[in-house]
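Subject: Structure for your review

Dear colleague,

Please find the structure below, together with a short account of what was found in it. I would be grateful if you could read the two side by side.

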Amino acid sequence: GLDSDAISEECVDNALAFLALLPSDISMPEASASSDGTVDWHWRNEQYAATVTFFKNGQLAYYAQGDDGVAKDSYKFNGSIPDELVQYLRQL
């Protein structure tokens with residue numbers, strides 16, 4: 001919308017770099033952008049869901065549901081994906 005923040009190049013670059021790091025056995029996510037300028041990847045199946053959000057300051061936050069409950073955290077994206085998140089994404 002007109003009052004939305006622009007999506008930063010860093011958000012897009014980090015989101016694409018994250019996508020390139022995903023193991024091949026993980027399904028491709030749906031993409032979205034929010035009015036606060038963040039970029040999100042979303043996964044969903046009949047049982048579980050996950051979201052990874054990329055912020056303008058280089059932070060990444062994730063929330064994922066799976067067999068073991070919920071995984072959530074945030075960190076400065078450094079070109080890696082936490083093993084915990086990978087295991088949850090494999091369930092989607």
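**Surface patch**

On the surface, I7, V12 and L16 form a nonpolar patch whose accessible area comes to about 230 Å² together. Patches consist of residues with over 30% relative accessible area and no salt bridge, where like charges are joined within 9 Å and nonpolar side chains (Val, Leu, Ile, Met, Phe, Trp, Tyr) within 5 Å. A salt bridge here is a side-chain nitrogen of Lys or Arg within 4 Å of a carboxyl oxygen of Asp or Glu. Accessible areas come from the Shrake-Rupley method with a 1.4 Å probe, and for residues only the protein chains shown count as cover.

This is a predicted model, in which local features need pLDDT of at least 70 and side-chain atom pairs count only at pLDDT 80 or more, while totals for chains, interfaces and linings use all residues. Residues are numbered from 1 along each chain as its sequence is written, and side-chain values use heavy atoms, with hydrogens and water left out.

I7 lies in the segment before helix 1 (9-21). Because its relative accessibility is 40%, I7 counts as partly exposed; that class lies between buried (under 20% relative accessible area) and exposed (over 50%).

**Overall architecture**

The protein has two helices and five strands, and from the N terminus its elements run α-β-β-β-β-β-α. The radius of gyration is 13 Å, close to the 12 Å that the globule rule gives for 92 residues, so the protein is as compact as a globular protein of that length. That radius is taken over C-alpha atoms, and the rule is 2.2 Å times the number of residues to the power 0.38. Helices (H or I, at least four residues) and strands (E, at least two) are DSSP runs, numbered from the N terminus.

The C-alpha trace spans about 40 × 25 × 20 Å along its principal axes. Of the 92 residues, 38% are buried. The protein exposes about 5,400 Å², of which carbon and sulfur atoms supply 47%.

**Strand pairing**

Strand 1 (residues 30-33) pairs with strand 2 (residues 39-44) in the antiparallel sense over four bridges; pairing requires that DSSP finds at least two bridges between two strands. A31 stands opposite W41 in strand 2. The hairpin of strand 1 and strand 2 has five residues between the strands, and there G37 takes a positive phi near 90 degrees.

Strand 2 also pairs with strand 3 (residues 49-54) in the antiparallel sense, over six bridges. These two strands form a hairpin with four residues between them, and the bridge partner of D40 in strand 3 is T53.

Yours sincerely

Terms used
Buried means under 20% relative accessible area, exposed over 50%, partly exposed in between (1.4 Å probe, protein chains only).
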